[in-house]
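Here is a friendly briefing to read alongside the sequence and the 3D view. Keep both open, and look up each residue as you go.

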Amino acid sequence: MNILKQRLCLIYLLIMTQPALALTPTHLLNYQDSYGNISLKYSGNIRLPDPLVVDGNLNLENSRINMLPLSLTVKGNLNLAYSDIEYLPLALKVDGYINLAYSKIKQLNFGLQVHGDLSVAHTKLKKLPDNLYVKGDLLLQNSQIRTLPNKLVVDGNIYIGNMALTTIPNDITIGGSLYR
C-alpha cells in the first residue's frame, strides 16, 4: 500500500509541476473570430505567444493564465476581470479599455496609458502609478487604493465608491467629475 501511495504522490507532483501549455499563433486561430477578437475565457494556465498582436479584443476573463507575453498589443479592449494576472507587460499597448476588476493584479506600470476606461474595482491593488493617463473613466470602487497618484490625468470621470481615499494630489487633471 505504501508503494501505491508513493507512486500516486509522485504522479500528483508531476502533474502539479507541469509548465503551462504554450499556445502558438496557429493554435490561437481556434479562439479567434472573424473580427480578430480572441477569447480564452475560463481557460487554464496556458502560455500565450510572445510577442502577441491581437487585431480585436483579448478576453481572458476568469482564466487561470497568470502571465502575459512580454510584448502585447491589443487593438481593441483587454479584459482581465477575475483573472490570475498579477503584472502587466512593460511593452503593453491597448487601444481600448483595460478591465482588471476582481483580478489578482498587484502593480501597474509607471506611465501606463489607457486609451479607454481603466477598471481596478474590487482589486487588492494598493496604489496607482505616477504619470497614469486614462482617456476614459477610472473605476476604483472597492479597491484598497488610499491615494491618487501624482500627475494623474483622466479625461473622463473617476469613481471611488466604498473606499477610504485619503489623499488627492494637487497635480491631477480630471476632465469629468469625481464620484463617491
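Let us begin with a tyrosine: Y179 has a relative accessible area of 39%, so it counts as partly exposed. Please keep in mind that this is a predicted model.

**Aromatic pairs**

- The whole structure was searched for aromatic pairs, and 2 were found.
- One of them brings together Y82 and Y102, which are stacked with 4.6 Å from centre to centre and 0 degrees between the planes.
- Because Y82 sits in the loop between β7 and β8 while Y102 sits in the loop between β9 and β10, this pair ties together parts that are 20 residues apart in sequence.
- Y82 is partly exposed at 37% relative accessibility, and Y102 is partly exposed at 39%.
- Y159 and Y179 are also stacked, because their ring centres are 5.2 Å apart and their planes stand at 15 degrees.
- This second pair links distant parts of the chain, with Y159 in strand β15 (residues 158-159) and Y179 in strand β17 (residues 178-179), 20 residues apart.
- Y159 has 25% relative accessibility, so it counts as partly exposed.

**Salt bridges**

- Side chains of opposite charge can pair when their charged atoms come close.
- How many salt bridges does the model contain? The count comes to 5.
- D84 and R64 form one of these, with 2.9 Å between the closest N and O atoms.
- That bridge connects distant parts of the chain: D84 is in the loop between β7 (78-79) and β8, R64 is in the loop between β5 (58-59) and β6, and they are 20 residues apart.
- K106 forms a salt bridge with E86, and their closest N and O atoms are 3.7 Å apart.
- Because K106 lies in the loop between β9 (98-99) and β10 (113-114) and E86 in the loop between β7 and β8, this bridge ties together parts that are 20 residues apart in sequence.
- E86 is partly exposed, at 28% relative accessibility.
- D95 pairs with K93 in another salt bridge, where the closest N and O atoms are 2.6 Å apart.
- Both partners are partly exposed: D95 has 35% relative accessibility, and K93 has 42%.

**The parallel sheet**

- An open sheet is built from 3 strands in the order β4-β6-β8, with parallel pairing.
- β4 and β8 are at the edges and each has a single partner strand, so one side of each is left without a neighbour in the sheet.
- On average, neighbouring strands of this sheet are turned by 5 degrees against each other, direction ignored.
- The parallel pairing of β6 with β8 runs over 4 bridges.
- T73 has K93 as its bridge partner in β8, and K93 is also the residue that forms a salt bridge with D95.

**The nonpolar core**

- The largest nonpolar core has 43 residues, and L108, L118 and L140 are those with the most contacts inside it.
- β4 (52-54), β6 (71-74) and β8 (91-94) each supply at least two residues of this core.
- Which residues does L140 touch, leaving aside its neighbours within four places in sequence? They are V120, A121, L128, I145, L148, I158, Y159, I160 and M163.
- Y159 in that list is the tyrosine whose ring stacks with Y179.

**Backbone details to look at**

- D50 and P51 are joined by a cis peptide bond, with omega at about 0 degrees.
- P51 is placed in the loop between β3 (46-47) and β4.
- N131 is a residue other than glycine with a positive phi, near 65 degrees.
- You will find N131 in the loop between β11 (118-119) and β12 (133-134), and its relative accessible area of 30% makes it partly exposed.
- N142 is not a glycine either, yet its phi is positive at about 55 degrees.
- N142 lies in the loop between β13 (138-139) and β14 (153-154), and it counts as partly exposed at 30% relative accessibility.

Methods:
Residues numbered from 1 in each chain as written. Predicted model: local features only at pLDDT ≥ 70, side-chain atom pairs only at ≥ 80, totals over all residues. Heavy atoms only, no water. Core = buried A, V, L, I, M, F, W, Y, C linked by side-chain atoms within 4.5 Å. Buried < 20%, exposed > 50% of the residue type's maximum accessible area, 1.4 Å probe, protein only. Contact = heavy atoms within 4.5 Å. Salt bridge = Lys/Arg side-chain N within 4 Å of Asp/Glu carboxyl O. Pairing = 2+ DSSP bridges. Axes fitted to C-alpha atoms, helices over the stretch in contact; angles between N-to-C directions. Phe/Tyr/Trp six-rings, centres within 6.5 Å; stacked < 30°, edge-to-face > 60°.
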